[in-house]
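Colleague: Before I use this model, I want to set the labels attached to it against their cut-offs. Please show it, and I will ask as we go.

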Amino acid sequence: MNTTLAFLDPATAATPLLAVFAVDISTGKDADPHPALLSTSDAIANAAAPWIASGEFKAGLAETLLLHAPAGVKAERLLIIGLGKAKTLSIHEVRKGAGTAVRFAKPRAIRDLAIAFPEDKALSDEHMDSLPCDLTARAIAEGVVLAEYDIDIYRSDRKDLSVHSFTCAAREDDKKSQAEMQHGFDAGLIIAASQNFARELINEPGNVLTPTELGNRTAAMAADSGLQCEVHGWDKINELKMGALAAVAQGSAEPPALIILRYEPANPKPDGPVLALVGKGITFDTGGISIKPADNMDKMKYDMGGAAAMIGAMRAIAHLKPNVRVISIVCSAENMPDGKAFKPGDVITAMSGKTIEIMNTDAEGRLVLADGLHYAKTLGATHLINAATLTGAIGVALGLLNAGLFSNCDDATQHFMDGLATSGEKFWRMPCTDDYRDQIKSQIADIMNTGGSRYGGAITAAMFLKEFVGDTPWIHLDIAGTAWMDESKAWQSKGPTGIAVRSLVEWVNSYAS
Ligand code: BES
Ligand code: ZN
Ligand code: ZN
């Protein structure tokens with residue numbers, strides 16, 4: 001897709017489709033909706049006036065109104081897109097609104113479109129707070145690129161409905177604001193393309209995306225993006241004594257992969273932090289000998305969603321170039337039952353030397369992460385963050401809207417939470433205090449891999465990981481409930497969401513000097 005930020009009057013843009021945002025400026029619960037355009041163009045206001053006045057359009061979030069051949073406007077079609085209440089408007093509604101424009105265009109085979117940059121000065125201050133222009137431009141770029149993504153790549157009857165060109169038309173003549181908008185716009189394109197890269201990996205079926213193939217695709221991305229990359233198989237995993245990763249991988253005909261990415265800024269602070277992004281890369285999770293039921297097992301191809309988030313974030317970091325060192329460790333394997341598979345009752349030794357009694361081979365993600373987190377520390381990580389589709393229990397606890405965050409460090413958590421205002425992703429902090437440790441005590445070994453009780457399963461999993469991070473500041477993101485959506489939205493295809501990529505980029509940026 002060709003993307004341009006153009007400083008021109010949107011009414012003069014020659015395009016098949018011009019999208020303009022509108023908000024509801026009514027206040028009070030029972031007041032009738034009062035739509036108002038976020039545009040200072042008289043031509044656009046005049047063209048839309050009869051429809052706005054009709055009361056049919058209420059400016060609800062992602063509500064659309066299409067006008068053909070709008071008088072006085074150069075575009076062939078004018079699409080008014082609602083962003084909801086003016087008072088609560090944020091860049092996150094703008095991101096969704098921009099996505100709605102693209103999802104509207106695609107099924108109609110409209111290949112080129114423009115979006116009018118939302119002008120808050122179209123309304124008086126009492127109606128809404130102003131939006132920062134750099135982050136607004138970024139949200140538009142993200143919304144457009146993310147909405148381009150579709151899951152149907154293996155359908156023979158697939159129609160290629162991709163958008164060829166997108167213009168963001170802004171009536172801005174202040175040079176400083178123009179530069180800020182351009183900066184935000186360019187960052188948004190990079191971040192969203194990286195999130196889509198993660199989504200493409202997640203959507204691949206298990207027979208295509210084996211651990212080896214995940215390594216190949218990561219290496220190719222790294223070569224394109226200027227990241228250092230190493231991909232190792234059985235030999236290195238055995239040499240490092242990664243007994244937990246090995247136990248999960250040993251029941252599969254597919255060899256595991258240990259993937260290491262390194263981003264080195266041009267002038268790193270000598271004593272600055274080394275951030276480590278660790279990902280669960282189970283390319284298919286049958287449950288192993290503790291096999292899963294058949295219903296929905298196909299979904300377990302997305303059990304590498306944590307790894308994909310880390311790989312996508314590293315891609316974005318390589319292009320955005322923050323001044324901080326970042327490494328990524330992905331532990332990838334296929335969890336299968338066969339004659340060589342690990343079994344309940346087995347005792348294995350992790351890379352850290354801790355012994356683990358296996359109670360359930362379906363709790364495999366925490367095993368591969370145990371070795372990934374420990375290995376990251378041996379590589380010099382000062383801060384650890386991991387993402388994983390770790391437990392069904394996180395969906396039970398938080399529903400499918402918020403992902404879970406667990407941490408041993410308030411400061412690192414604050415860095416992460418502060419970034420959510422920009423990323424627009426939702427994470428909710430869960431408890432991870434030592435009084436939960438009893439759940440993983442074993443009589444036979446140092447710890448066991450599942451708790452004795454079915455309550456608080458997401459916390460039990462987090463407590464297991466905590467055993468391997470020691471005092472190093474650490475965050476665990478459990479994205480099992482949010483990495484795949486069964487329903488589409490007006491601005492987003494169903495399928496892999498690519499959650500965590502945007503928030504990880506913000507977290508890394510927050511440590512840059
Ligand atoms: N990959 C699953 C978790 C999962 C569940 C991801 C649903 C996405 C959607 C994980 O490996 C797993 O099977 N966890 C078990 C843990 C249990 C055996 C303690 C679970 O959640 O049931
Ligand atoms: Zn499992
Ligand atoms: Zn799993």
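Modeller: A place to begin is Ile-356, which, leaving aside its neighbours within four places in sequence, is in contact (heavy atoms within 4.5 Å) with Ala-244, Asp-346, Val-347, Ile-348, Ala-350, Leu-367, Ala-445, Ile-447, Met-448, Asn-449, Phe-464 and Phe-468. This is a predicted model, in which local features need pLDDT of at least 70 and side-chain atom pairs count only at pLDDT 80 or more, while totals for chains, interfaces and linings use all residues. Residues are numbered from 1 along each chain as its sequence is written, chains are lettered from A and ligands numbered from 1 in the order in which they are written, and side-chain values use heavy atoms, with hydrogens and water left out.

Colleague: What makes a set of residues a nonpolar core, and which members touch the most others in the largest one?

Modeller: The term covers buried Ala, Val, Leu, Ile, Met, Phe, Trp, Tyr and Cys residues joined through side-chain atoms within 4.5 Å. Buried means under 20% relative accessible area, exposed means over 50%, and partly exposed is in between, with a 1.4 Å probe and protein chains only. The largest core has 54 residues, and Leu-258, Ile-356, Leu-367 and Phe-464 touch the most other members. Elements that each supply at least two residues of this core include strand S9 (257–263), helix H9 (365–378) and helix H12 (457–466). Helices (H or I, at least four residues) and strands (E, at least two) are DSSP runs, numbered from the N terminus. A second, separate core of 53 residues includes Leu-201, Leu-277, Phe-427 and Leu-477.

Colleague: Which protein atoms are the donors of the zinc ion (ligand 3), and why is its site called octahedral?

Modeller: Donors are N, O and S atoms within 2.8 Å of the metal (3.2 Å for Na, K and Ca), and sites may look incomplete because water is not among the atoms. The protein donors here are Lys-280 (NZ), Asp-285 (OD), Asp-303 (OD) and Glu-364 (OE), at 2.0 to 2.4 Å. Six donors count as octahedral if opposite donors are over 155 degrees apart and all others between 65 and 115; four count as square planar on those angles, or as tetrahedral if all angles lie between 85 and 135 degrees; anything else is irregular. This site has six donor atoms with angles of 77 to 173 degrees and is classed as octahedral.

Colleague: What is the class of the site of the zinc ion (ligand 2)?

Modeller: Its six donor atoms have angles of 71 to 167 degrees, and the site is irregular. The protein donors are Asp-285 (OD), Asp-362 (O), Asp-362 (OD) and Glu-364 (OE), lying 2.0 to 2.2 Å away. Along the chain they follow the spacing D-x76-D-x1-E. Asp-285 in strand S10 and Asp-362 in the loop between S13 and H9 are 77 residues apart.

Colleague: Which residue bridges the zinc ion (ligand 2) and the zinc ion (ligand 3)?

Modeller: Asp-285 does, and the ions lie 3.2 Å apart.

Colleague: How do you know whether Asp-285 is buried or exposed, and what about Asp-362?

Modeller: The relative accessible area of Asp-285 is 3%, which is under the 20% limit, so the residue is buried. Asp-362 has 23%, between the 20% and 50% limits, so it is partly exposed.

Colleague: Where is Thr-460, and what makes its pairing with Gln-439 a polar contact?

Modeller: Thr-460 is found in helix H12. A polar contact is a pair of N or O atoms within 3.5 Å; within protein, one must be able to donate a hydrogen and the other to accept it, and residues adjacent in sequence count only if both atoms are side-chain atoms. The side chains of Thr-460 and Gln-439 are joined at 2.9 Å. Thr-460 counts as buried at 2% relative accessibility.

Colleague: Why is helix H13 called largely enclosed?

Modeller: Eight of the nine residues of H13 (residues 501–509) are buried, so the rest of the structure largely encloses it. Arg-502, Glu-506 and Trp-507 are among them.
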